[in-house]
Amino acid sequence: MSQPGVMDTTVKERAGLALNDDFLRKAVKFTTERLRNGKKSASEEHGNWDEWRERGRQIRLHTIAYLDYYLNEFVNNARANGVHIHFADTSVEAAAIALDIAAHKQASTVVKSKSMVSEEVHLNHVLESAGIEAIETDLGEYIIQLAGEAPSHIVIPAIHKNRYQIAELLTKEAGEILEPDTTVLAGFVRKKLREKFLEADIGMTGCNFAIAETGSMVLFENEGNARMVSTVPKTQITLMGMERIIPSWTDLEVMATLLPRSATGQKLTMYMSGITGPRRTADADGPDEMHIIIVDNGRSLQLGDPEFQELLNCIRCGACLNACPVYRHIGGHAYGGTYSGPIGAVLTPALNGNIDEWNDIAGASSLCGACYEACPVKIPLHDMLVYLRRRKVEDGHGNKMESMGMKGFAAVVSNSKRFSAAIRLGQIGQKAVVRNNGITLKLGPLKGWNKYRVAPSLAKKSFRQQWNKLDQELNQEQPAMDPSVRSRMEQIIREREEGEGTKHGY
Ligand code: SF4
């Protein structure tokens, strides 16, 4: 599930590269801001958004709790519709099944619409190694395929590229200079892909939702390429994660309200296709043969896990990426896996089942909770990141310095005398390194943090010191109370507390 070659580098190193890439930072910032604003307006305009989020969450919780039942129902209905169903336990198995179907059909060209599961199983690589041309037909996917890169966003795969970089890539492909104008660039790709749709032997799609009650699958898209992929070639293969199921078309109404608004700020995507089996005699178009590969690849490991099962509720809208202050600075490739951003930081180690290999990715978060606020099905990603960190420490992969630091911190803040002494020491010790009320020391544990930020210095007088001083001054100004007056006052307070205040007429 990793991008090629990433296991040789750390998140920190990859993030460092991204932070030094001005083009990437501007492009990611620009698009995530646009998407975030779009989502904000769409959800505000919709009204009672939180009620719909809660409804979406309940549908997903219920479906995943009864996943075996709904999966069974879906499979039975899809088979009754004439679909060939295949199950793949691992990514290798999923790719092998797809390759087998392609070999059986003697396919030489496969057109694909956007599918994160196909990225997860590295399908293009497998097909191409077998001499089968695999062509991405989603504009963003096509661009990164030409660039030889992995998607850096769940919804906008080429989010890290600007139109000048895209023009350069497409110019090479066209063999003539293409102006960095979006109409020109999109026009070239449209023309090029039309030919490919017509000559392809197989169309391959992902699946946004699979409807158990009718055995149908639903695709949301804006470019119309998924509709071409699923109707023109004679054979269709759909790759779907086993958790894509929802019980009914009524549930789809809720999902169709949440997904486009959260993903792109649209009320609905330009196309929404519901596909129930291959072409029937009376149908004008559609494939003669349809296969659905249901992929586990680590998903069932989350079932029954009280801390991570909710991961399977994800509807892949990408809103958590757009909301995340870390993702918005470093983009998706720094995360190293197929899935990036907060969902990727949890999903990659969870699906991979090997926290050791990914033990630095959970650290790429400020734990601010913006991902939870953005999530249309309320997945508590920030809590999951903490669980991952805890598991990492429990497995003996914690940072020893950090662990000692935390123990020392706990010992200081849990005792008021030690805390006050530490503040006084800090106030004296910081004098040598404070500039303009901030600390920019590029040494020791603060080195990395201070590279991009200024740490605030301790106040000359802490709130507690100021409070104590004020308290003392007030006590000095007020004359001591006569003991007989104090005793009478205390008696009155006691009587009032016992409900006898009326005796005294007040
Ligand atoms: S975790 Fe939530 S916000 Fe993030 S992609 Fe999944 S559904 Fe969308």
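1. A nonpolar core, as used here, is a set of buried Ala, Val, Leu, Ile, Met, Phe, Trp, Tyr and Cys residues joined through side-chain atoms within 4.5 Å. Keep that in mind for what follows, and remember that you're looking at a predicted model.

2. Let's start with the overall picture. The protein has 506 residues, and buried ones make up 45% of them. It holds 22 helices and 13 strands. Along the principal axes, its C-alpha atoms fill a box of roughly 105 × 60 × 45 Å. Looking at contacts with a separation of 6 or more, 72% come from residues 24 or more positions apart.

3. Now for the core itself. The largest one has 79 residues, and Phe-209, Ile-293, Leu-311, Tyr-335, Ile-343 and Leu-381 have the most contacts inside it. Helix H12, residues 249-264, gives the most to this core, with seven residues. Another core lies apart from it, with 23 residues, including Ala-78, Ile-85, Ala-212 and Ile-294.

4. Leaving out residues up to four places away in sequence, Tyr-335 touches, among others, Arg-14, Cys-324, Tyr-327, Ser-340, Trp-358 and Ala-364.

5. Next, the ligand. Which residues come nearest to the ligand? Of the 13 residues around it, they are Cys-314, Cys-317, Gly-318, Cys-320 and Cys-375. The shell as a whole divides into eleven nonpolar residues, one polar and one charged. As for where the ligand sits, it takes up the space of the second largest cavity.

Note on methods: Residues are numbered from 1 along each chain as its sequence is written. This is a predicted model: local features need pLDDT of at least 70, side-chain atom pairs count only at pLDDT 80 or more; totals for chains, interfaces and linings use all residues. Side-chain values use heavy atoms; hydrogens and water are left out. A residue is near a molecule or strand if one of its heavy atoms lies within 4 Å of it. On a 1 Å grid over the protein atoms alone, a cavity is a set of points where a 1.4 Å probe fits but cannot get out, and a pocket is an open set with protein on both sides within 12 Å along at least five of seven lines; lining residues have an atom within 4 Å of a point. A molecule sits in a cavity or pocket if more than half of its atoms lie within 2 Å of its grid points. Ala, Val, Leu, Ile, Met, Phe, Trp, Tyr, Cys and Pro count as nonpolar, Asp, Glu, Lys and Arg as charged, and the others, Gly among them, as polar. Buried means under 20% relative accessible area, exposed over 50%, partly exposed in between (1.4 Å probe, protein chains only). Helices (H or I, at least four residues) and strands (E, at least two) are DSSP runs, numbered from the N terminus. Contact means heavy atoms within 4.5 Å.
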